[in-house]
Amino acid sequence: MFTTSAIVQISEEACVGCTRCVNVCPSEALAMEGRLAVLDEPKCVGCFKCLEACIPYNAISIRRDPNPRQLGVPAERWDRPEVIELCAKARFAPEQAICMCTSTSAAEVAAAIIDGVREPEELTLATGVRAKCGMWCLTPVMRLLAAHGVEIERTAKDYRIYADGDGTEVAIWTIPDDVADRYPEYRLRESLEAVESGKNLNSPAPMYPDIQPERKP
Amino acid sequence: MIHPAATPPPLGKSRFAYGRKPPTMRAAELPQICSVRVQDLFDDIPDPIHRAGEDVTPVREAAVAALDRVDMSMIKPGDTVNVLCSEHGFGMMGGDAYAELLRAVRDEVVGRTGTEKIKLGMSSASSKFEQLEIVPRFGLDEHYRGEVFSFGPYDNGVAIDTEIGRLYGVRRAYAAKWLIHVHYDDPREVHFHHVNGRLLKAFTMSYARMETRSVFHNNFPTRSANIVPRAVYESPFVRQRWAFSAVLSTSPTGTMGVDADNDLIAMDRRITLSMLQRYGKMLELFRTVDRCFTVADDTRWLPYQHAGGLTACSLFESGEDHLDLDFADQRPDPPPDKRSVEVVKGPVRALVMNYAWKLFTTARVTVAADPDVAKDLLRIHPDREIHAAADLPQAMDIAAERAGTDKAIVFDGCYGAINLTRPLAEDLIARAPEVSRRVDEELLPKWLRQRNLALAA
């Protein structure tokens, strides 16, 4: 669950129609009308990626969201069998937070997909995932979509997401044997075994481990 | 062994900081803050050649000596060169040492190759706006003749086909005939790189698009994730453009020197050895802290602020030995709460926010030391428990009460010493001898064995 607090605004005087902002928006809140970028306010999640894309022109600024919205799927829809199954297929624990900025869980995204959401941008609006930094959560989103049989198609000019590098094809479980042999220092076979055994379910890194050292000098 | 508080590097006004102004008081000015020197804790941590605020001549001399050993003959007059750097280097020890290294690299390349088509490309950490504060402050725009650009993970990408599949870099970072990778050996985010390919990580987290960054974080256990930047580095795409790398070498006391090499893997092994020797004991000492609160009082984002040369994330993530490359034999019991993205079960029970750049909060309880800081915290993190104090002394009192401890550590950018409260100072001093023994006799030999490294005779 993510609550919006700020959105952007566009200065028509400063906008040069370059489309840079449209190219980075994770929720399709921006579009071109002729040579001007326009904002669909209810779709803006306040990630501010457009703001830095517009650095040369400074046509975009931040303002308080006049209508803060809660983006999320109700918790009672997370524990359906098909949601659990989709998470497992994508190699996630349902309760796992897959977006560090918004604390969105795998089950929440999976529930939205089961309910019919198909595009990554729609998932952002449905769950809040990718509403902030976007560098952690993109691959989990794409893996959940792929596990449900959804294929994302993008043109080469659309660099919001490069579909052929989205993280569904490069993972510890796709490493070729010869690569594992060539780079023993990364313990690739051992990691795969840990993942497959459930010892280290997919996400490697409990971001913030909750085990404190017991021993004291 | 317990000294008055050390003087931290100064803080200026920043558009990125909570409150957008320098703090009216630094934690080092508080009566309850004292310091312990890292060399009093561990006498085998060496003296630096440069500390924050000192003349940078020793850094220049070290850079010139290191670069003298590098082959630059592949760069011809008129060739284009991108010198790639990362934002974090400017947050270490005031940033002067890293900036001097970057200036020296340009001067040496111009002098030895004849090309002047050299651009400085700065990888931003959160937004490309960082360039606007950092580059002018160090005069890098002037030194690079205005040829400076910043790039981020959402910029136009370029496909890089690797041994493990297609990955994506940032097009502009790679848009030159030759690449020079200028980095640092700060153990920041040791929980991700485990000092097993430290110098490579930038190929995934500095110069890569967000797809590849997400692959690094989510599709590999961290002890294997450095195959991703390694695959980028070994790709024909990068090999065709690769010139050399230069690295600012550090320790918990300050800048130790500069290393440079055409072979990044060979240099990474040298750096790995020195990092384990110089930082291993301090990292292990942080692991003995069982309950405390922290004071954010340094430039940059919370996890990347320094105390005694270590970044705050070393404390936030101190629940396990991240230098140990073996997987735990048993699953944790109780299992980690995967819903949690907060450090509520680590040693940090509360945080005093005196100064930090906006983005991360990593404790459930945050106490703002200034009304303007509180205003920003409440606006940006409406879901967190945030207390507004009138000033820093009051914030310390509230944090101590909420944390249930008077043990506090200050992340204020100090190298050479840690500013902290006396009870925690006494704890660290008492524990250091056993930590030293354990690292020397048990842990360091294991860490080295796991990396096929040996101490020099």
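## Reading two chains by cut-offs

Tutor: The centres of domain 1 and domain 2 of chain B, taken over C-alpha atoms, are 29 Å apart. This is a predicted model: local features need pLDDT of at least 70 and side-chain atom pairs count only at pLDDT 80 or more, while totals for chains, interfaces and linings use all residues. Residues are numbered from 1 along each chain as its sequence is written, and chains are lettered from A and ligands numbered from 1 in the order in which they are written.

Student: How do you know which residues belong to domain 1 and domain 2 of chain B?

Tutor: Domain bounds come from an automatic or database domain assignment. For chain B it gives domain 1 as 2-45 + 280-430 and domain 2 as 57-251. Each domain puts 18 residues into the contact between them. On the domain 1 side, β11 (292-301), β13 (310-311) and α12 (312-316) each give two or more residues.

Student: How does the side of domain 1 of chain B that touches domain 2 divide into nonpolar, polar and charged residues?

Tutor: Ten are nonpolar, six polar and two charged. Here Ala, Val, Leu, Ile, Met, Phe, Trp, Tyr, Cys and Pro count as nonpolar, Asp, Glu, Lys and Arg as charged, and the others, Gly among them, as polar.

Student: And what is the domain division of chain A?

Tutor: Domain 1 is 2-9 + 16-70, domain 2 is 75-165 and domain 3 is 171-204. The centres of domains 2 and 3 of chain A lie 23 Å apart, over C-alpha atoms.

Student: Is B:Ala27 buried or exposed, and how do you know?

Tutor: Count C-beta atoms, placed from the backbone, within 10 Å: 20 or more others make a residue buried, 12 or fewer exposed, and anything in between partly exposed. B:Ala27 has 30, so it counts as buried. It sits in the loop between β1 (2-4) and β2 (33-37) of chain B. Beyond four places in sequence, its contacts include B:Ile33, B:Val295, B:Asp297 and B:Asn419; contact means C-beta atoms, placed from the backbone, within 7 Å.

Student: What about B:Asp383, buried or exposed?

Tutor: B:Asp383 has 11 other C-beta atoms within 10 Å, so it is exposed. Its place is the loop between α13 (371-380) and β16 (385-388) of chain B. From B:Asn262, 121 residues away along the chain, it is separated by 48 Å, C-alpha to C-alpha.

Student: What makes helix α9 (residues 227-234) of chain B mostly covered?

Tutor: Eight of its eight residues are buried. Among them are B:Arg230, B:Tyr233 and B:Glu234.

Student: Which residues have the most contacts inside the largest nonpolar core?

Tutor: B:Leu101, B:Val352, B:Met353 and B:Val367, in a core of 164 residues. Helix α11 (residues 264-286) of chain B gives the largest share, ten residues. Such a core is a set of buried Ala, Val, Leu, Ile, Met, Phe, Trp, Tyr and Cys residues joined through C-beta atoms within 7 Å. B:Val352 touches B:Phe293, B:Val367 and B:Met396, among others.

Student: Why is α5(A) called roughly perpendicular to α8(B)?

Tutor: Helix α5 (residues 138-147) of chain A and helix α8 (residues 210-218) of chain B pack at about 85°, with axes 7 Å apart. Under 35 degrees is roughly parallel, over 145 roughly antiparallel, 65 to 115 roughly perpendicular, and the rest oblique. The angle therefore makes the pair roughly perpendicular. A:Leu138, A:Thr139 and A:Pro140 meet residues of α8(B), including B:Met210 and B:Val215.

Technical notes
Helix = DSSP H or I, 4+ residues; strand = E, 2+ residues; numbered from the N terminus. Contact = placed C-beta atoms within 7 Å. Axes fitted to C-alpha atoms, helices over the stretch in contact; angles between N-to-C directions.
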